[in-house]
Amino acid sequence: MENFISQLSLIIISLAIIILVFKLLLALISISEINKNLKSNTLVNYDILLSSSLAPQISLLIPISNDSASLIEDINTFLCLNYSKYEVILITDDGAILKKLVSAFFLDLSSNISTQSIKTAKIKNIYKSKLLSLSKLIVIDKKSNGKFDALNAGLNICKGDYIISTNLNSLLVYDSLLKLSKPIMDEIDYKVIAVSGSKRVLNGNQIKRGLIKKIDLSNSLLSNIQMLNSLKELLLRKMAWSKLTSFLPLQHSINLISKADAMLVGGYSKVILGEDLDLIFKIQRQLKINGQKPKVLAIPDAICWFRASENLHKLIKQKSKLANTSINGFFKYIKMFVQQNYNIIPILSTFFWFLLDYSYLWIGISTIVASVYLLCTGLIYSKVLVFLLMIAYISSIFFTLLAILIETKFNVYLNKNQTKKLLQAILIEPIYLKPIILYTQLSAIFKKKAS
Amino acid sequence: MNFIQVIKGEVMNIITSERFEELMIIVIIILLIAILIVSILYLLKISSIIDEGKKNDIYEGIVDAYLNDIETCTIKIEQVAINFIESPHFRDPLFRELMTKELINTHHYLTGLIKNRLQTFYFSSGLVNDSYLKLKSNDWHLQCKGINEFSEMDAISYYDDILSLRFNKNSQVRLQAVLSLIKLKGKNAYKDVSNFDYNVNRWAIANVIELIKDLPDNQIFDYNLMLNSNNDAVKIIGISLIEHFKLKTYEDELNTLKSDSVSSTMLKLQY
């Protein structure tokens with residue numbers, strides 16, 4: 001028994017050290033990529049894209065199923081983006097919402113109902129505004145059949161070269177479309193199937209007419225903790241994944257996806273979560289079969305803001321969704337790599353992505369195992385438990401601080417009150433959010449096993 | 001296999017021995033030192049941002065005063081330049097950088113006598129030397145900045161220096177050089193910018209097209225030359241410009257080109 005526990009300790013410690021070293025490597029690659037990106041962007045005149053005929057046409061697909069008091073205001077922020085070649089397609093199956101939209105945007109029935117390439121539930125009507133200033137707005141009224149079906153209905157009628165699926169809870173940055181389309185125009189060696197921009201926590205920031213007026217922190221500890229957690233994901237990992245492989249974890253992301261490729265694979269599928277991840281996965285698989293080199297690019301800029309949950313129950317629900325998406329994505333990728341004889345880099349990257357994504361789980365399991373042992377057999381290996389916990393806590397603080405240091409390139413928190421809130425969140429994040437993530441990841445694994 | 005077992009044995013010995021504790025303490029100390037370093041870097045960064053902000057606030061006022069002197073045509077421009085060089089802030093690169101930036105911004109939107117005075121100030125105040133140092137630097141980012149500053153201030157005497165960067169290994173420097181050459185010499189730069197054998201991305205083509213669209217009428221490129229170029233990117237730029245200006249005289253050539261040789265390249269430009 002003692003030998004078994006020793007062996008287990010060995011595995012746990014080795015795994016923890018591998019994760020630590022790999023996280024550090026990823027952070028270094030990510031920092032170098034962010035620096036490169038920022039350096040080259042200082043010279044870019046994005047206004048070129050406003051008048052260029054070579055700029056890609058973009059379609060925003062926004063399914064609306066819930067009415068809210070700010071519905072019209074939220075839609076207006078999408079209509080005021082700084083980009084000339086784009087359209088906003090709202091898809092709804094709710095009569096009350098449609099009525100509200102018709103009166104707010106002076107909608108009229110449109111005679112253009114294009115032929116459907118992808119099968120969807122029946123489209124009842126398509127509306128366009130009578131006002132010239134709202135010519136980029138299209139509203140689809142269709143029968144209800146889930147989010148994926150709504151997105152496919154939008155995909156069928158949109159004119160864009162690229163699509164973005166989003167929702168009204170997300171606030172797109174004024175220049176977001178310029179920033180997302182620039183990398184597509186840069187690439188010549190690869191086929192860019194998607195560009196992934198970052199989604200950042202909105203809580204605390206001051207917004208006016210869809211624009212961030214002042215960067216600040218929330219008074220809610222829970223939302224600040226989530227902000228730090230997403231910062232680590234975006235600034236210390238995502239850019240590195242983009243450099244190393246085309247197979248990106250697309251959490252906290254807003255994605256610009258090639259319409260032609262989306263049509264090629266039959267559009268969005270009925271998945272519980274992660275429609276974009278699933279679509280990009282299908283495109284990658286198809287293009288690989290066709291012998292093409294697909295590429296998914298990432299940009300570090302905040303493209304979209306979202307309101308993080310300040311309610312613990314809702315947060316657990318959100319994290320469960322993320323854990324499910326992550327585990328499903330991992331198994332799909334691995335299956336594809338094995339079936340299609342991929343080289344070792346994407347396989348290793350995906351393995352490490354999963355290992356990192358689920359690192360809380362490994363550390364959590366090790367803690368539980370060590371604790372059980374401690375209770376059963378005395379204190380011989382208690383030091384393993386204590387040291388592991390200490391290393392997990394201290395390393396988490398280190399990576400959070402590193403992310404905040406990189407964040408100074410984008411936003412800076414200067415006053416004393418903000419520093420106090422940051423410090424509080426940094427110290428509490430590892431012991432508050434991580435057990436939640438551990439719990440949600442464990443349940444995702446059990447669910448996967450059950451399915 | 002033996003090697004792995006030896007390693008495994010060694011690690012097991014470490015875990016079960018007193019040395020394990022020492023090892024873990026070392027790991028924790030390393031992490032704590034890393035935290036300390038990152039915290040210090042963060043504090044330094046914050047303090048440098050605050051300092052720079054304060055300096056910028058002070059310098060902005062002084063720069064505005066100099067610009068005001070330049071725009072006030074009653075003061076000799078040479079005298080403004082001397083005052084600038086003798087100013088106590090002249091030695092601070094941040095101050096000169098800010099002055100160059102504001103000079104370029106103002107120069108961009110003005111015409112006539114004031115534009116000329118801004119240019120003269122740029123040369124006689126020595127700010128042109130800063131741009132030259134950037135151009136000759138090994139950092140591609142600085143090279144691009146230097147090229148841009150020369151072209152924005154119409155420093156045509158540095159045309160050949162920019163031309164030497166035309167085939168630089170960095171694609172951003174190459175693009176910046178092409179844009180600046182066209183900006184400085186208009187249609188006369190055609191022979192210098194149209195011969196290249198590397199692939200050009202959509203971004204570069206879009207930049208060149210938008211720049212040529214904004215050139216004065218007497219600087220319009222010879223579209224026949226562009227349409228008959230051996231380079232597909234040049235042909236595409238020619239076609240885009242003809243379509244933009246709706247030049248009906250080239251309709252036949254355009255139709256022929258679109259149907260054969262360039263069509264494959266045009267297809268490449270589609271998303």
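The exercises below, each with a worked solution, concern a predicted model with chains A and B.

**Exercise 1. Describe the make-up of chain B and its division into domains.**

Step 1. Start with secondary structure. Chain B holds 15 helices and zero strands.

Step 2. Turn to burial. Of the 271 residues in chain B, 27% are buried.

Step 3. Look at how far contacts reach along the sequence. Taking contacts in chain B between residues at least 6 apart in sequence, 61% connect residues at least 24 apart.

Step 4. Read off the domains. Domain 1 of chain B covers 55–125, domain 2 covers 129–193 and domain 3 covers 198–271.

**Exercise 2. Work out how domain 1 of chain B meets domain 2 of chain B.**

Step 1. Find the separation. A distance of 22 Å lies between the C-alpha centres of domain 1 and domain 2 of chain B.

Step 2. Count the residues on each side. Domain 1 of chain B contributes seven residues to the contact, and domain 2 of chain B contributes five residues.

Step 3. Assign the domain 1 side to helices. In chain B, α4 (93–109) and α5 (112–124) each supply at least two residues of the side of domain 1 that touches domain 2. On that side of domain 1 of chain B, α4(B) gives the most, with five residues.

Step 4. Sort by class. The side of domain 1 of chain B that touches domain 2 of chain B consists of two nonpolar, four polar and one charged residues.

**Exercise 3. Characterise the side of chain B that touches chain A.**

Step 1. Count both sides. In the contact there are 36 residues from chain A and 37 residues from chain B.

Step 2. List the helices. On the side of chain B that touches chain A, at least two residues each come from α1 (2–16), α2 (19–71), α7 (140–152), α9 (171–185) and α11 (202–213) of chain B.

Step 3. Pick out the main contributor. With 17 residues, α2(B) gives the most to the side of chain B that touches chain A.

Step 4. Sort by class. This side of chain B has 24 nonpolar, nine polar and four charged residues.

**Exercise 4. Divide chain A into domains and describe the contact between them.**

Step 1. Domain 1 of chain A is made of 1–43 + 187–451, and domain 2 of chain A is 54–169.

Step 2. Count the contact. It joins 19 residues of domain 1 of chain A to 20 residues of domain 2 of chain A.

Step 3. Name the elements. In chain A, β11 (253–258), α8 (259–264) and α9 (275–289) each supply at least two residues of the side of domain 1 that touches domain 2. The largest share of that side of domain 1 of chain A is five residues, from β11(A).

Step 4. Sort by class. The side of domain 1 of chain A that touches domain 2 of chain A has eight nonpolar, six polar and five charged residues.

**Exercise 5. Trace the strand pairing from β3 to β5 of chain A.**

Step 1. Begin with β3 (residues 107–109) of chain A. Three bridges connect β3 to β4 (residues 123–129) of chain A, and the two run antiparallel. A:Leu109 has A:Tyr127 in β4(A) opposite.

Step 2. Continue from β4(A). Five bridges join β4(A) to β5(A), again an antiparallel pair. A:Ile126 has A:Ile140 in β5(A) as its bridge partner.

**Exercise 6. Is A:Lys143 buried or exposed, and which residues does A:Lys143 touch?**

Step 1. A:Lys143 sits in the loop between β5 (137–142) and α5 (147–157) of chain A.

Step 2. List the neighbours. Leaving aside residues up to four places away in sequence, A:Lys143 touches A:Asp93, A:Ala121, A:Lys122 and A:Lys124. A:Ala121 is 22 residues from A:Lys143 along the chain, and their C-alpha atoms are 5.7 Å apart.

**Exercise 7. Which residues touch the most other members of the largest nonpolar core?**

Step 1. Identify them. The core has 151 residues, and A:Leu61, A:Ile89 and B:Ile205 touch the most other members.

Step 2. Find the main contributor. Helix α7 (residues 221–244) of chain A gives the most to this core, with eleven residues.

Step 3. Examine A:Leu61. Not counting residues up to four places away in sequence, its contacts include A:Ile89, A:Ile91 and A:Leu151.

How values were computed
Residues numbered from 1 in each chain as written. Chains lettered and ligands numbered in written order. Predicted model: local features only at pLDDT ≥ 70, side-chain atom pairs only at ≥ 80, totals over all residues. Contact = placed C-beta atoms within 7 Å. Helix = DSSP H or I, 4+ residues; strand = E, 2+ residues; numbered from the N terminus. Nonpolar A, V, L, I, M, F, W, Y, C, P; charged D, E, K, R; others polar. Buried ≥ 20, exposed ≤ 12 C-beta atoms within 10 Å, placed from the backbone. Core = buried A, V, L, I, M, F, W, Y, C linked by C-beta atoms within 7 Å. Domains from an automatic or database assignment. Pairing = 2+ DSSP bridges.
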